[in-house]
Amino acid sequence: MKTLDELKKIREDAKKNLELRNTDKTIRVVVGMATCGISAGARPVLQTFVEEVSKRKLHNVQVVQTGCIGMCTYEPIVEITMPNEEKVTYVFMDTDKVKKVVSDHLVNGRVVVDYTIGALK
Amino acid sequence: MALYRSHVLVCGGTGCNSSKSDMIRQRFEEKIIEMGLDKEVQVISTGCFGLCEEGPIVVIYPEGAFYSRMKIDRVDRIVEEHLFKGRIVKEYLYEESLDKDKLKSLNEVDFYSKQKRVALRNCGVINPEDISEYIARDGYLALGKVLTEMTPVDVIQVMKDSGLRGRGGGGFHTGLKWGFAAPNQADQKYVICNADEGDPGAFMDRSVLEGDPHAVLEAMAIAGYAIGATKGFIYVRAEYPIAVKRLEIAIGQAKEMGLLGKNIFDSGFDFEIEIRLGAGAFVCGEETALIASIEGQRGMPRNKPPFPAIKGLFGKPTIINNVETLANVPQIIINGADWFRSFGSEKSPGTKVFALGGKINNTGLVEIPMGTTLREVIYDIGGGCPNGKAFKAVQTGGPSGGCITADYIDTKIDFDTLTDLGSMMGSGGMIVMDEDNCMVDIARFFLEFTVEESCGKCTPCREGTKRMLEILDLITQGKATLEDLDKLEKLAINIKNTALCGLGQTAPNPVLSTMRYFREEYEAHVLEKRCPAGVCKSLLSYYITEDCRGCTKCAKQCPVNCIEGSVKKLHIIDQDKCIKCGACMEACPFDSIIIK
C-alpha cells in the first residue's frame, strides 16, 4: 500500500458489496419471486436490478424479493416505491426492461408508463 | 467482484459457535448450492451480534431479517422460502423485531435502539476474515491519514483531546500514556495489546477480536507511529481460539496488502505485529505481569515506577492498551476528538462495552454511551430479571469491583460515579443479581476466584485473601461471630492498602461493598444463623410438610438414605444425616418439601 488514494479505490470497490447490508434506504424495488414469478423469469430480473443499481451507485435503492403478489399471469412483476409517491407496478418485466426502468425511473424519476400495469389493455 | 442479491450473515462468535452456528452456516452453504442460488446469495460468518441470549443468530439482507435461536433443521425452510421465494419465515424471526406483521429495522429493536456502537461498529456487520469488508467500512483510512498527513505529536494531541480513557479497568487517559512513551529515546519501543481478558463473565475484548480484528491491528500501528515503536505484540489468552485464528488471518491479510510491514503508505514507517498466547492466568492482565510473561518469565507483577512507558518490555519503553481502547482509536482519528466527546459524559467521553450476564433476560454484549443509567441498561436493554424476580444488585468490574444496589439504579454510569459507589468500571463485566442471590455467597465466589488466581508474590494478597475466604466460609456455615465480621473488614482494608499490584489492591472490593450495602445479610448469617436468600446450604434445612402423600419417591432419590417413612404415611428427613443436595425436593410431585 503506497498511497491513500490506492486505499480509497479499494474501499470504493469493496463498498459495492457491503451496500446490500444497509437497511436505511428509502427507495424500494420489490421483485415477485414466488413460483409463478420465478417460472416467468423473475430471477434474472432481480439479478439485473442488483447489478444495475450497483453499477449506477444508487445507494438509496434497496432491491428485495417478495412472494406471490396475486396476479400470476402478469409476472414477472416489479413494484417500485419512492418516498411520498404512489407505488408503481411494472408487469411482464425482462432484463432489457429493467435497464430502462433503472435509468428512467430510478435515476431520472420518470415512470416508464408503457411497462406499468395501467398500460395493459 | 461478484455481486450478490442477498447476504446471509451467520454469527461466528464464541457464544453462537458453541451452539453450533458453524454447522448452521455449513448447512446454509450446502442448501444454497443445492437450490442453485450460490451465484446470487452469499453466506458470511461474522462476529458477535451482541444478543447472545437469542443465539445462534442469522441475519439476512437486504431485508435485515433477524432470525434468532436458529437450529440446523430450520435452515432448509429459510432457504426455500426466504431466499428462493422471497417469503420471510416470520415464525423463526426474533419476536421483538416484528411490529404486528411488519419487519422492524434492527436499530428499532429495544435491545439495540439505546446502544451506540463505536468499538463494536463492525461486529456482526462485516466478515472479519475478509480485509476488504473492513476497508469498505473506512478501515485503515485512519492509519493512512496518520502516516501521510499527521506528525506523531498531532496524533497524541488528538488522543489527549478526545479524553479516551483505558477501557481495561483503570481508566487512565490513553493520550497521556502515549505522551509519556513518545519522548523516551530508545533503539526499540513496543506497543502491546492487552487481550488477557480474565474477569469471570466478561467477553467484550473477545468479541471485538472475533468480530473486528483489523480495528485492533490498525490502532496498534497508529500507536506505534505516535510513540515511535516498530513492533507490536498482542497478548491474548489461548482460551480464545476463534479470536486467535481471526487475528492470525487478519495479520496475514494486512501484511499482504502492505498495511503492516515495511514502509507503510510510503512513509518510511515500519510496523510488525506478533501474537503471544497467554495460558490464562488472571494476574497476566496486570501490565507488568503481562510484560514478564511475554519475556518468557513467570507472570508476576513488579513495583511501579518505573512505568512501562519508561522501562517496559525487554527494558524498553512500552505502551500497553486494552483491546476495546484500541478499537476506539481509528474512529477518533477519522472523526476527530470533538466527535468522540459528543457522546458520553464530561470526564468519561465515548462509549463503553458491557457484557451483561447473570439474572438478566437479554444476556449479551451491549455498547452504550457513558452516562447511560444502570436502569436503562438493565431494564430497557437487558429486559430486566427473568421470571419477574426483583432486581437486587449488579456487580460491575468483576472480582475487582463491587456491587451496586437497587437504590442506586439511576446512577449514570461512568468511571468516576462507579468508583464513588465503591465499585469500579473494570473491564465491563456486569453481573446482575436478583432476590434469590445471597450477597455473602457472591462475595465468597469472587474471593475464591482471586485466591485461586493470586500469583503469590506479595503477602497481603497471598495470605490475606486466603484468610478472608476462611472467614467468609465460617459466615456461610453459620459458625462466625460478630468479631469475625470486624476482623474481615479490617483485613480487607489492610490488603487494599498494602498489596503490590492493582489486582491485589482491589481483591477485597467485593467483600467491602457487599458489607457496606448488605450488612444486615451478613448479620443474619452470624446472629440468626440464617441465609435470607436461601442459598447457603449449611444454614438451610429441608422439611417435609403435611402435604406429603407418602409416595416414597423422595426416599428413593435420597443419596444418603436419610428419609424415613412407609407408603401412604408422612415421611420425615433425618436432619443429622441430610447433605442438603435438594434431590428430594426435585423428586416430590406434590411440592411438599420446603427449605427453611
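How many of the eight residues of strand S12 of chain B are buried? Seven of them are, so we start there. A residue is called buried if 20 or more other C-beta atoms lie within 10 Å of its own, exposed if 12 or fewer, and partly exposed in between, with C-beta atoms placed from the backbone. This is a predicted model, where local features need pLDDT of at least 70 and side-chain atom pairs count only at pLDDT 80 or more, while totals for chains, interfaces and linings use all residues. Residues are numbered from 1 along each chain as its sequence is written, and chains are lettered from A and ligands numbered from 1 in the order in which they are written.

**View 1. Strand S12 of chain B and its two partners.** S12(B) covers residues 351–358 and is mostly covered. Strands (E, at least two residues) and helices (H or I, at least four) are DSSP runs, numbered from the N terminus. Two strands pair if DSSP finds at least two bridges between them. With strand S13 (residues 364–369) of chain B, S12(B) pairs in the antiparallel sense over six bridges, and B:Leu356 stands opposite B:Gly364. A hairpin of five residues links S12(B) to S13(B). With strand S16 (residues 429–434) of chain B, S12(B) pairs in the parallel sense over four bridges; here B:Gly357 has B:Ile431 as its bridge partner.

View 2. H7(B) spans residues 152–162, and its buried residues are B:Val155, B:Ile156, B:Val158, B:Met159 and B:Ser162. They cover an arc of only 155 degrees around the axis, so they sit on the same side of H7(B); the arc is that of the directions from the helix axis to the C-beta atoms. Among the elements that cover these residues are H6, helix H8 (174–181) and helix H10 (213–227) of chain B.

**View 3. Helix H9 of chain B, tucked inside.** Eight of the eight residues of H9(B), residues 204–211, are buried, so the helix is largely enclosed by the rest of the structure. Charged names turn up in the buried list too, including B:Asp205, B:Arg206 and B:Glu210.

**View 4. Where chain B touches chain A.** The contact takes 29 residues from chain B and 29 residues from chain A; two residues are in contact if their C-beta atoms, placed from the backbone, lie within 7 Å. On the chain B side, helix H5 (131–136) and helix H6 (141–149) each supply at least two residues, and H5(B) gives the most, with four. That side divides into 13 nonpolar, eight polar and eight charged residues. Here Ala, Val, Leu, Ile, Met, Phe, Trp, Tyr, Cys and Pro count as nonpolar, Asp, Glu, Lys and Arg as charged, and the others, Gly among them, as polar.

**View 5. A loop residue, B:Asn387.** You'll find B:Asn387 in the loop between helix H15 (374–381) and strand S14 (391–396) of chain B. B:Asn387 counts as exposed because it has 9 C-beta neighbours inside 10 Å. Its C-alpha atom is 47 Å from that of B:Arg302, 85 residues apart along the chain.
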